[in-house]
Amino acid sequence: MKHYDNMDWFLYKEKLLPKGILEEMEQHLMKCNHCMDIFLNTIDTNEIEDASNILSNDFSDNIVDKISSKKIKRKNVKHLFGYYVAVACVTMILVASGFFTKLPHTIPQIAESAISTNEIQEKNYITNISNKIVSKTSNFINNFELSNKEER
């Protein structure tokens with residue numbers, strides 16, 4: 001993610017940049033807390049006073065009242081809870097069936113079956129690296145499981 005510096009945000013605030021860049025920076029500002037802090041630091045006391053002259057005295061109270069008057073729809077919460085329950089059940093079934101335990105052993109087999117001949121392995125350097133990573137990961141997980149069993 002590209003971040004902007006103090007000068008960029010000053011130019012943004014003064015609207016001295018092309019419209020496309022201003023829109024891009026505005027989208028970035030919505031996603032990036034780091035840049036939001038920089039932008040907020042570019043605001044000076046004169047601008048705060050100007051804003052307070054424009055806004056009514058009860059502006060904050062009105063906004064808080066509007067936010068607190070909005071209720072979360074129970075239907076959506078129940079729906080969301082149902083999804084979490086379903087995902088938890090599927091996870092429990094996979095754990096109980098040993099899916100995650102068998103996974104480190106299965107991945108190398110799948111990788112080996114995907115490569116039909118030794119010639120392809122020699123020609124494809126990336127595949128060799130991938131196989132080594134899968135193999136080392138599998139060995140690490142096996143060693144970890146063995147050490148856990150020994151500790152018990």
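Student: Why is threonine 42 called buried?

Tutor: This is a predicted model, and in it threonine 42 has a relative accessible area of 17%. Buried means under 20%, so threonine 42 counts as buried.

Student: Where is threonine 42 found?

Tutor: Look at the loop between helix H3 (33–41) and helix H4 (45–54).

Student: And what is threonine 42 in contact with, leaving aside its neighbours within four places in sequence?

Tutor: Asn6, Trp9, Phe10, Lys13 and Glu47. For each of them, contact means heavy atoms within 4.5 Å.

Student: Let's go to H3. Which residues are buried there?

Tutor: Cys35, Ile38 and Phe39.

Student: What covers the buried residues of H3?

Tutor: The cover includes helix H1 (6–13) and helix H2 (19–31).

Student: Which exposed residues are on the face of H3 turned away from its buried side?

Tutor: That face carries Asn33 and Asn41. To be called exposed, a residue needs over 50% relative accessible area.

Student: Zooming out, how many helices and strands does the protein have?

Tutor: Nine helices and zero strands, so from the N terminus on the elements run α-α-α-α-α-α-α-α-α.

Student: How much of the protein counts as buried?

Tutor: Of its 152 residues, 13%. As for surface, the protein exposes about 13,200 Å², with carbon and sulfur atoms supplying 60% of that area.

Definitions and conventions
Residues are numbered from 1 along each chain as its sequence is written. This is a predicted model: local features need pLDDT of at least 70, side-chain atom pairs count only at pLDDT 80 or more; totals for chains, interfaces and linings use all residues. Side-chain values use heavy atoms; hydrogens and water are left out. Helices (H or I, at least four residues) and strands (E, at least two) are DSSP runs, numbered from the N terminus. Buried means under 20% relative accessible area, exposed over 50%, partly exposed in between (1.4 Å probe, protein chains only). Accessible areas come from the Shrake-Rupley method with a 1.4 Å probe; for residues, only the protein chains shown count as cover.
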